[in-house]
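Dear colleague,

I am passing on the structure we spoke about, with the sequence beside it, and below it you will find my notes. Please look it over before you read on.

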Amino acid sequence: MPDPKKKANEPDDGSMSLAEHLRELRNRIIVCVLFFAAGLLVCLAFAPKIVTNLADLGLRYNYNFVYLAPQELLMCYMTIALIGGIVAAAPAIAYEGYAFASPGLSGREKTFFRIALVFGSVFFVLGVLFAYGITVPFMLHFLIGFSADVAVTDSISIAEYLNFILTVFLIFGIIFELPVVSVVLTRLGILRPEWLIKARKVMIVAVFLIAAVITPPDVVSQIMVAVPMLILYELSIRLSALTRRFMKDT
């Protein structure tokens, strides 16, 4: 006998109705927006200190910074706040997306994607730290060297400098996600290690082309981006092969 308290459009098999799915999606989007707003406000509060710390990287190599418009520093603070909000919201977006899809996943798949979320965050942070500690100082030292024998005084816009630094951070954060992405795609059956091996020669050329597009127009910057990408590509091949072998064993 049907339960008289149950609504007519409510499913009897324990699954959620379309309206319930939409409400859940709305709630998860609200959570992501709240994380974004919190990250934005926190980064906006610390924006002057963040700008000072990033400018110190350039000051070590005798860069001189100026701002060319009254609102330029304010726009720098807003840019940093927006990026901070996106970075703060990214793990929440990934988790909420996973949680929304988790009812359709098996126990092993849930464990796998939880691990992938953790390693995805860790690898992004490692990419930013690598750029901060190695790539950016090397680029700044190399680029300032061009003015050594030229009678030109550098007065660099702080906005342009920060755009350069933040772009490098973002590029390396995304590049370091390559092994995690390859493992996830292999687990989903979208990618095979054999395909990565066959595409190695093409990828070497593609990597240098991508590096030429996303970096400043100098060879050293392109090499500093391309070499880590190639190393991570080789790591992706091995991790993809291990994932494939594990899938066959289980």
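Among the contacts in the protein with a separation of 6 or more, 82% are accounted for by residues 24 or more positions apart. Please keep in mind that this is a predicted model. Its secondary structure comes to eight helices and two strands, and read along the sequence these follow the pattern α-β-α-α-β-α-α-α-α-α.

Of the 250 residues in the protein, 34% are buried. The largest nonpolar core has 41 residues, and within this core Leu-140, Ile-165 and Val-225 touch the most other members. Helices H1, H2, H3, H4, H5, H7 and H8 each supply at least two residues of this core, with the largest share, 12 residues, coming from H4.

Ile-115, which is found in helix H3, counts as partly exposed because its relative accessibility is 44%.

A search of the whole structure finds four salt bridges. In one of them the side chains of Arg-28 and Glu-96 meet at 2.6 Å, N to O; since Arg-28 lies in helix H1 and Glu-96 in helix H2, this pair ties together parts that are 68 residues apart in sequence. Glu-96 counts as buried, at 11% relative accessibility, and a network of salt bridges links Glu-24, Arg-28 and Glu-96.

Another salt bridge joins the side chains of Arg-200 and Glu-234, at 2.8 Å, N to O, and this pair links distant parts of the chain, with Arg-200 in helix H7 and Glu-234 in helix H8, 34 residues apart. Arg-200 is partly exposed, with a relative accessible area of 28%, and Glu-234 likewise counts as partly exposed, at 25%. Glu-234 also forms a salt bridge with Arg-238, where the closest N and O atoms are 3.2 Å apart; Arg-238 and Glu-234 both lie in helix H8, four residues apart, about one turn of the helix.

As for the cysteines, Cys-32 counts as buried at 14% relative accessibility, and Cys-76 is buried with a relative accessible area of 5%, while the count of disulfides comes to zero.

With best wishes

Technical notes. Residues numbered from 1 in each chain as written. Predicted model: local features only at pLDDT ≥ 70, side-chain atom pairs only at ≥ 80, totals over all residues. Heavy atoms only, no water. Disulfide = S-S within 2.5 Å. Buried < 20%, exposed > 50% of the residue type's maximum accessible area, 1.4 Å probe, protein only. Core = buried A, V, L, I, M, F, W, Y, C linked by side-chain atoms within 4.5 Å. Contact = heavy atoms within 4.5 Å.
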